[in-house]
Amino acid sequence: MYNILAILFKYIFIIIIYLFIFSIIRLIYLDIKGMEVISFDDRAYLKLINRKDSLPFKIEEYYIIDEVLSLGRHADNHIVVKDPYISKEHFQIVEDENEYYLEDLDSANGTYLNGDKIYDIVKLQDGDIIKAGQIEFLFVNRK
């Protein structure tokens, strides 16, 4: 009688282990499937430095910069951020002859470039860190 129960428990335990391994493989597959493949085609973009899950609002990880990219709370901006420390129209990045310029739009809390508050239009360099409110972006220019 005990031999039959031991064999039965052994097979149940093996089935549970296989189900556990299957669920882990399934989670890995779903995680890889959910990753976005982003092609920037040698264009400049902003990459979010903050962890997305640590922010209390919704934001993307990458933003491609075309001719103009604006950030603020108002729905007319390219990047809409519902951060209370961000103005309705906070800053914009403008492309001019393959150069990119950051301009603060008279925001209440200011825009910071590499830790320094900007007061005028500033030329961006590859690797610059832009901070507005609670978020930080890395400026990447592949040209």
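These legends go with close-up views of a predicted model.

**View 1. Strands 5 and 6 side by side.** Here strand 5 (residues 91–96) pairs with strand 6 (residues 99–104) in the antiparallel sense, over 6 bridges. To get your bearings, look for Glu 95, which stands opposite Tyr 100 of strand 6.

**View 2. Strand 1 and its pairing with strands 2 and 11.** Strand 1 (residues 45–48) pairs with strand 2 (residues 62–64) in the antiparallel sense over 3 bridges, and Leu 46 stands opposite Tyr 63 in strand 2. Strand 1 is also joined by 4 bridges to strand 11 (residues 135–140), again running antiparallel. There, Tyr 45 has Val 140 as its bridge partner.

**View 3. The largest nonpolar core.** This core has 25 residues, and those with the most contacts inside it are Leu 46, Leu 71, Ile 93, Ile 130, Ile 135 and Phe 137. At least two residues each come from strand 1, strand 3 (68–72), strand 5, strand 6, strand 10 (129–132) and strand 11. Strand 11 gives the most, with 3 residues.

**View 4. A close look around Ile 135.** Which residues is Ile 135 in contact with, leaving aside its neighbours within four places in sequence? They are Leu 48, Asn 50, Leu 55, Phe 57, Ile 59, Leu 71, Val 81, Ile 86 and Ile 130. Ile 135 is also among the residues with the most contacts inside the largest nonpolar core.

Key:
Residues are numbered from 1 along each chain as its sequence is written. This is a predicted model: local features need pLDDT of at least 70, side-chain atom pairs count only at pLDDT 80 or more; totals for chains, interfaces and linings use all residues. Side-chain values use heavy atoms; hydrogens and water are left out. Two strands pair if DSSP finds at least two bridges between them. A nonpolar core is a set of buried Ala, Val, Leu, Ile, Met, Phe, Trp, Tyr and Cys residues joined through side-chain atoms within 4.5 Å. Buried means under 20% relative accessible area, exposed over 50%, partly exposed in between (1.4 Å probe, protein chains only). Contact means heavy atoms within 4.5 Å.
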